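I opened my notebook to keep track of what I looked up in this structure.

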Amino acid sequence: MNFMPRCRALCILAIGLLGAMPAVSPAAAGDVLQAVKARGNLRCGVSEGIIGFSAKDTSGRWTGLDADFCRAVAAAVLGDPEKVEFRPLKASERFPALNGRVVDLLARNTSWTMSREILLNARFAGVLFYDAQGFMVGASSGVKTAAALKGSTVCVVKGTTHVEQMIDYFGGGGDGITPLIIDSEMGAADAFFAGKCRALTSDVSLLAAVRLRAPGGPQSFVILPERISKEPLSPAVASGDDAWFMTVRWVLFALIAAEELRITRANVESTLNEKHSASVRRYLQYEKQYVKALGVRPGWVVRVIKATGNYGEMFERNVGAGSALKLERGINQPWTQGGVMYAPPLR
């Protein structure tokens, strides 16, 4: 295929999106960080209850990969991972809540996309979980591939990109696919289990979480093999405060880098104190400059890792082998182990 027409098309798309971008008054640097410190807690937007990512356990405590990331940020900024006010949001509520400063941080199974960054003024800190959109059907339905869903009604959540991507996958016009759009993840799951649609489409991780509470048990439903989109799930902040964005981003990178450096919840203090590696020594060399620029107190990396463990520990506990979901690491492995998880150097 000729490269130049594709390049021109992308340029036209970019210009059109930029022209549609609403004017936003930038916040003064550090406004959100100072507000969080003054308030004494971090307001974190999460899901209404997605197992493995953000859901309440039997004691009422929020658990999951997203919930743990909120605690890691609170540990870095406030010195206490428990100083988080979790605010459950529907998918359609998340960006208004972020831009309206109802939440300081959005950690809610949210894919990083061009339109959300340009048109919805979200700033994505980095990928916390690489996912993909898929389909779930009844095990007794006889459906083995997504192609067999043509002519079917498919349940999908309002306020997500899944409707458009599903229609595109089935030929642009839907080719007989009828979306049944539901206001929430659990509502869509309930409609699917009630037989109102032949399939449920969402991120594969969410489908795995939904299947855990399926009537008849998880074995009664199967996730089809097709993956029809890239869904890089990322924490996000509102645009206009680069200082806050930088703080959230480097908390994420610290978690990812810690796994690569084999720094764990159990050994973080001894590893940093004994300066086991050149990377750790370089980090310590610049720490005073880092904490001043980030607006956090010294020792923030130790606090973060002690609060949640490194990225690998978070993954295994919440969505991996040690969890109910038992998802494989796949491309969420570190780049040194065949995955794509990669943090810039802490130097």
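Predicted model: local features only at pLDDT ≥ 70, side-chain atom pairs only at ≥ 80, totals over all residues.

**Entry 1: strand β11.** I started with β11, residues 199-203, and found it mostly covered, with five of its five residues buried. Buried here means under 20% relative accessible area, exposed means over 50%, and partly exposed is in between, using a 1.4 Å probe and protein chains only. Strands are DSSP runs of E with at least two residues, helices are runs of H or I with at least four, and both are numbered from the N terminus.

Residues are numbered from 1 along each chain as its sequence is written, and side-chain values use heavy atoms, with hydrogens and water left out.

**Entry 2: partners of β11.** Which way do β8 and β11 run? They run antiparallel, and five bridges join them; β8 covers residues 133-138. Two strands count as paired if DSSP finds at least two bridges between them. I looked up G134 and got S202 as its bridge partner in β11. With β9 (residues 153-157), β11 runs parallel, joined by two bridges. There, V154 stands opposite A199 of β11.

**Entry 3: the sheet around it.** What is the strand order? I read β10-β9-β11-β8-β12, an open sheet of five strands with mixed pairing. The edges are β10 (178-182) and β12 (221-223); each has a single partner strand, so one side of each is left without a neighbour in the sheet. From one strand to the next, the twist averages 30°.

I then went back to β9. Four of its five residues are buried, so β9 is largely enclosed by the rest of the structure. β9 pairs with β10 in the parallel sense over five bridges, and V156 stands opposite I181 in β10.

Helix α7 (residues 185-193) lies across β8, β9, β10, β11 and β12, and runs at about 160° to β9. For such angles, axes are lines fitted to C-alpha atoms (for helices, over the stretch in contact), and the angle between N-to-C directions runs from 0 to 180 degrees.

**Entry 4: helix α13.** Which residues of α13 are buried? For this helix, residues 311-318, I listed Y311, G312, M314, F315 and N318. They cover an arc of only 160° around the axis, which puts them on the same side of α13. The arc is taken from the directions that lead from the helix axis to the C-beta atoms. A rule I jotted down: an α-helix has 3.6 residues a turn, so residues three or four places apart point the same way.

The buried residues of α13 pack against α3 (65-78), β7 (129-131), α9 (242-260) and α12 (300-308). Contact means heavy atoms within 4.5 Å. At the start of α13, a side-chain oxygen of N310 comes to within 2.9 Å of the backbone nitrogen of G312.

**Entry 5: S205.** I found S205 in helix α8, residues 204-211. S205 is buried, at a relative accessible area of 1%. Its side chain makes a polar contact of 2.4 Å with that of D131. Such a contact is a pair of N or O atoms within 3.5 Å; within protein, one must be able to donate a hydrogen and the other to accept it, and residues adjacent in sequence count only if both atoms are side-chain atoms. Leaving out residues up to four places away in sequence, S205 touches F53, N109, F129, D131, L325 and L327.

Entry 6: Most residues other than glycine have a negative phi. N109 is not a glycine, yet its phi is positive, about 40°. N109 sits in the loop between β5 (105-106) and α5 (114-118). Is N109 buried or exposed? It counts as buried, at 9% relative accessibility.

R262 is not a glycine either, and has a positive phi of about 60°. I placed R262 in the loop between α9 and α10 (268-274). At 69% relative accessibility, R262 counts as exposed.

**Entry 7: whole chain.** I noted 13 helices and 14 strands in the protein chain. Of its 347 residues, 50% count as buried.
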